[in-house]
Amino acid sequence: MRILLVEDDPRIAEPTVSALREAGYAVTWAQTGPEGLEAAMLGEYPLVVLDVMLPGDDGLVLLERLKRAHPQLPVVVNYDLPRAAADYTHRIGRTARAGAEVLSGSTQREPSITFAPSGAIARAR
């Protein structure tokens, strides 16, 4: 199975890619919203794991575009709560309306390096 990971922080992406590959998945890593959208439109991915705080297009903009083009595409959204906390309720509402699942990251001041790749693996099955 192929998984598209859209994440700009290598401290989150690298262990996630490694864990998913060790579990037998083929992973494409995109680091910006535009890269993620291009990869999603060109490839066939049964699952997208998406960060919301991305350079280029915001992750929620990307999510809405993906779901318009591929309504049945499963998308798991990883939130870094401290950075997203200012408008967290609004973002969660937009995420749910777009039809994605929310995977919450760290609630500490550091980036969400506690993102559990096992969560994405479980959702891919």
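Ile12, Ala13, Thr16, Val17 and Leu20 are the buried residues of helix 1. They sit on the same side of the helix, because the arc they cover around the axis is only 115°. Please keep in mind that this is a predicted model.

**Helix length**
- Helix 1 runs over residues 10-22, and its 13 residues should span 18 Å at 1.5 Å a residue.

**Ends of the helix**
- At the start of helix 1, Asp9 brings a side-chain oxygen to within 2.8 Å of the backbone nitrogen of Arg11.

**Asp9 and Arg11**
- Asp9 and Arg11 also form a salt bridge, in which the closest N and O atoms are 3.1 Å apart.
- One salt bridge is what a search of the whole structure turns up.
- Side chains of opposite charge can pair when their charged atoms come close.
- How do the two partners compare in exposure? Asp9 counts as buried because its relative accessibility is 12%, under the 20% cut-off.
- Arg11, with a relative accessible area of 44%, is partly exposed.

**Aromatic rings**
- Arg2 lies over the face of Tyr45, at 4.3 Å from the ring centre.
- As for pairs between aromatic rings, the structure holds zero.

How values were computed: Residues numbered from 1 in each chain as written. Predicted model: local features only at pLDDT ≥ 70, side-chain atom pairs only at ≥ 80, totals over all residues. Heavy atoms only, no water. Helix = DSSP H or I, 4+ residues; strand = E, 2+ residues; numbered from the N terminus. Expected span 1.5 Å × (residues − 1). Buried < 20%, exposed > 50% of the residue type's maximum accessible area, 1.4 Å probe, protein only. Arc of directions from axis to C-beta. Polar contact = N/O pair within 3.5 Å; in protein donor to acceptor, adjacent residues only side chain to side chain. Phe/Tyr/Trp six-rings, centres within 6.5 Å; stacked < 30°, edge-to-face > 60°. Lys NZ or Arg CZ within 6 Å of the ring centre and 35° of its normal. Salt bridge = Lys/Arg side-chain N within 4 Å of Asp/Glu carboxyl O.
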